[in-house]
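Dear colleague,

Please find the structure below, together with its sequence. A short account of what was found follows it.

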Amino acid sequence: MHPTPIGEALVIVTDEGLALLDVLEVRVGAVDDALSAATEHLRTVPRLDPGATATVTRQLDDYFAGSRREFDLALDLRGIGGFVRAALEAVCSIPYGEVASYAEVAILAGSPGANRAVGTACARTPVSIVIPAHRVVRSDGSIGEYGGHPERKRFLLDLEARISGLKAQPVRDSAGV
């Protein structure tokens, strides 16, 4: 577990790289649920080694402090293939401080019209923040739900806009405000 401004993050690394970065719900069983999901994704039981996550947590802290715009981490995305993989790779191409619509990401991933599938890929990414699904917005300009936490998405978008010196993102929250 690692504290962030948007909640406690569960970080799991393997010999291949970062396999899970999940900002947890504050509820009983959240860690067990996340570990269960990671075990299913990795098909192995993760072992506890806080030293193994040091590079990830340092880069995460740097990101939130505003001194890091890109992560330099190997990712363990085994088990993720096909369009989901293509969509997540396309999401990684969205520059810091900028946004793209689900439709634009679908085009980048080679499947124009697969907007909903991009949304599903973003919602299910095992590596949030590092894979910047928060930079993907609806075509109407609203930010979407971000796993039921639009306030987290708004925080990340505002952080990047402030650090990059760009005007605040012109996207609206899910209520259209």
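**Strand pairing and salt bridges**

Strand β2 pairs with strand β3 (residues 18-23) in the antiparallel sense over 5 bridges; strands are DSSP runs (E, at least two residues) and helices likewise (H or I, at least four), numbered from the N terminus, and two strands pair if DSSP finds at least two bridges between them. The model is predicted, so local features need pLDDT of at least 70 and side-chain atom pairs count only at pLDDT 80 or more, while totals for chains, interfaces and linings use all residues. Residues are numbered from 1 along each chain as its sequence is written, and side-chain values use heavy atoms, with hydrogens and water left out.

Val11 stands opposite Leu21 in β3. The hairpin of β2 and β3 has 4 residues between the strands, and Gly17 takes a positive phi near 145 degrees there. Strand β1 (residues 2-4) also runs antiparallel to β2, joined by 3 bridges, and Thr4 has Gly7 as its bridge partner in β2.

The whole structure holds 4 salt bridges (a side-chain nitrogen of Lys or Arg within 4 Å of a carboxyl oxygen of Asp or Glu). One of them joins Glu160 and Arg135 at 2.8 Å, N to O. This pair links distant parts of the chain, 25 residues apart: Glu160 lies in helix α6 (residues 150-164) and Arg135 in the loop between α5 (115-123) and β5 (136-137). Glu160 is buried at 1% relative accessible area, and Arg135 is buried at 6% (buried means under 20%, exposed over 50%, partly exposed in between; 1.4 Å probe, protein chains only).

With kind regards
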